[in-house]
Amino acid sequence: MIEKRTGIESRACVLGHTQRGGCPTAFDRWLSTLYGAKALDMVLEEKFGYMASFRDFAITEVKIADAIAKLKRVDPHGAEVKAALSIGLSFGSAQIG
């Protein structure tokens with residue numbers, strides 16, 4: 001549809017781990033397996049409207065409505081942002097001081 005409307009060649013690209021920064025680690029594989037297993041458990045239990053969540057190194061279920069009820073922001077001066085900036089990652093704007 002994009003190509004038809006714009007006349008510009010368009011292709012789908014699934015970024016997956018490339019977008020995250022490389023090949024999946026053992027942790028990535030372990031986590032994705034646990035997410036999948038939890039999702040299947042919730043389907044079998046007919047717990048629709050829930051999502052699998054990673055908390056305290058365990059997989060749990062959370063109501064989607066609860067997960068999105070409050071806007072959660074990343075502290076621009078927090079450890080996660082400082083670590084990302086220290087290894088050269090960019091957030092698309094001027095670096096946070």
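This is a predicted model: local features need pLDDT of at least 70, side-chain atom pairs count only at pLDDT 80 or more; totals for chains, interfaces and linings use all residues.
Next I looked up the pairing itself. Strand 1 covers residues 50–55 and strand 2 covers residues 58–63. They run antiparallel to each other, paired over six bridges. I checked who faces Ala52 across the pair, and found Glu61 of strand 2.

How many salt bridges does a search of the whole structure find? I got four.

I took Arg11 first. Arg11 bridges to Glu9, with 2.8 Å between the closest N and O atoms. Both ends of this one, Arg11 and Glu9, are exposed.

Then Lys47, which turned up in two entries. With Glu45 the Lys47 side chain makes a salt bridge at 3.9 Å, N to O. The cut-off is 4 Å, so I count this pair as a salt bridge. With Glu61 the Lys47 side chain makes another, at 2.3 Å, N to O. What does the Lys47 and Glu61 pair tie together? Lys47 sits in the loop between helix 3 (26–44) and strand 1, while Glu61 belongs to strand 2, so the contact joins parts that are 14 residues apart in sequence.

Lys47 has a relative accessible area of 29%, Glu45 has 47% and Glu61 has 22%. Buried means under 20% and exposed means over 50%, so these cut-offs matter here. Lys47 is therefore partly exposed, Glu45 gets the label partly exposed, and Glu61 is partly exposed too.

Lys38 took me to helix 3. Helix 3 has 19 residues and spans 27 Å from first C-alpha to last, close to the 27 Å expected at 1.5 Å a residue. Which residues did I find buried in helix 3? Asp28, Leu31, Lys38 and Met42 are buried there. They cover an arc of only 100° around the axis, so they lie on the same side of helix 3. On the other side of the helix I noted Ala26, Arg29, Thr33 and Leu44 as exposed.

Last entry: just after helix 3, Glu46 has a positive phi of about 55°.

Notes. Residues are numbered from 1 along each chain as its sequence is written. Side-chain values use heavy atoms; hydrogens and water are left out. Two strands pair if DSSP finds at least two bridges between them. Helices (H or I, at least four residues) and strands (E, at least two) are DSSP runs, numbered from the N terminus. Buried means under 20% relative accessible area, exposed over 50%, partly exposed in between (1.4 Å probe, protein chains only). The expected span of a helix is 1.5 Å times one less than its number of residues. The arc is that of the directions from the helix axis to the C-beta atoms.
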